[in-house]
Amino acid sequence: MVTFSHKIRAIRISLVISIVLMAVKFSAYLLTHSNAILTDAMESIVNVTAGAFALFSIWYASLPRDENHPYGHGKIEFFSAGFEGGLIFIAAILVIVNATLALFKGNHVHSLDTGMILTAVAGGINYFTGMYLVREGNKSNSLLMVASGKHLLSDTLTSIGLIVGLAIVWFTGLVWIDNIVAIIFGLIILQTGYKLIRKSVTGLLDEADVKKLELIINEMNANRRERWIDIHNLRVLKFGSKLHVDCHITLPWYDSLEKSHDEIALLENLVRKTSGHDVEFFIHADPCVMPHSCKICQVSECKYRQADFMKKIEWNTANILPNKRHRFQDQ
């Protein structure tokens, strides 16, 4: 489990590297006056700003729950990712506008060989930093760290494309190609910003994570206990690196409170093991309803059974998400 201190250290390292790379990229632009390199340099401003905000967000998300934030402060990671996406979006538009105007006005570039070397160095550093952030983010289930890492990895691809474009300009002397390259990569960066904004909005609006739900449901089916007559109204919410899971589970009506508690604890441990997150649960136990529950109940020793077992219902997103008990005739 990645601790809070590990997260802070990872973001600090990323921020320091972003500041150094920003200086390198703007030096390359001042040497070359290349709009394509300016595209990369403008995005580096975003990296530094977003890195500073990410550092604050990681700290804020780690604060314990309080009266005003009963589910904790983890949602700020979605806001931070959206903030980064918005900055990228604005930077991309400025670059595209600048390169488009330069196509008509013309611009002069020079020292492209030095510019290509500096761009290659920056791209290599971005790649290793991005891989580091994605790895640490996946370990800690931090959307913010993963988003920042993927952004840096996309920067690496941008750097490769820029080097190819600059090489063409260097060999052919066709300066207008520099502006075309700037526009192309401005559009790519624009798409990156849009994806981050969209992921942020869907997280803030608690859009269902279908893959996560399917993974949990599959594990429930694979490790199903006969006393779990049905599970319904399943919901999974993400608060930063933590998950909040709630559902209803139907258990035999004659089970003691202690027995029902033990069954719920087994379900909780299964979900926690499957998701790999720090998980908070709210599981509501419903008593079975005879004779309808009997038809799907697999408890073999039940002495209160009023109907024969008819069918084992396989759980899926269609029948486990609605707030509705399972019944044989409904299938």
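## Burial of N126

A residue counts as buried when its relative accessible area is under 20%. In this predicted model, N126 has a relative accessibility of 2% and is therefore classed as buried. The residue belongs to helix α4, which covers residues 112–140. Leaving out residues up to four places away in sequence, the contacts of N126 are L21, K25, L152, D155 and T156.

In soluble globular proteins, nonpolar side chains tend to be buried together. The largest nonpolar core here has 22 residues, and the members that touch the most others are M220, I231, L234, I249 and L267. Two or more residues each are supplied by α7 (210–222), β1 (230–239), β2 (242–251), α8 (257–275) and β3 (278–287). Strand β2 provides the largest share of this core, with five residues.

Beyond its neighbours within four places in sequence, M220 is in contact with I231, L234, L267, L270, V271, W315 and I320. Another core lies apart from the largest one; it has 16 residues, including A28, L162, V169 and I183.

## Helix α2

Helix α2 runs through residues 35–61 and has 27 residues. Because each residue should contribute 1.5 Å, with the expected span taken over one less than the number of residues, the helix should span 39 Å. The C-alpha atoms at its ends are 38 Å apart, which agrees with that expectation.

Helix α2 is also mostly covered, as 19 of its 27 residues are buried.

How values were computed: Residues numbered from 1 in each chain as written. Predicted model: local features only at pLDDT ≥ 70, side-chain atom pairs only at ≥ 80, totals over all residues. Heavy atoms only, no water. Helix = DSSP H or I, 4+ residues; strand = E, 2+ residues; numbered from the N terminus. Buried < 20%, exposed > 50% of the residue type's maximum accessible area, 1.4 Å probe, protein only. Contact = heavy atoms within 4.5 Å. Core = buried A, V, L, I, M, F, W, Y, C linked by side-chain atoms within 4.5 Å.
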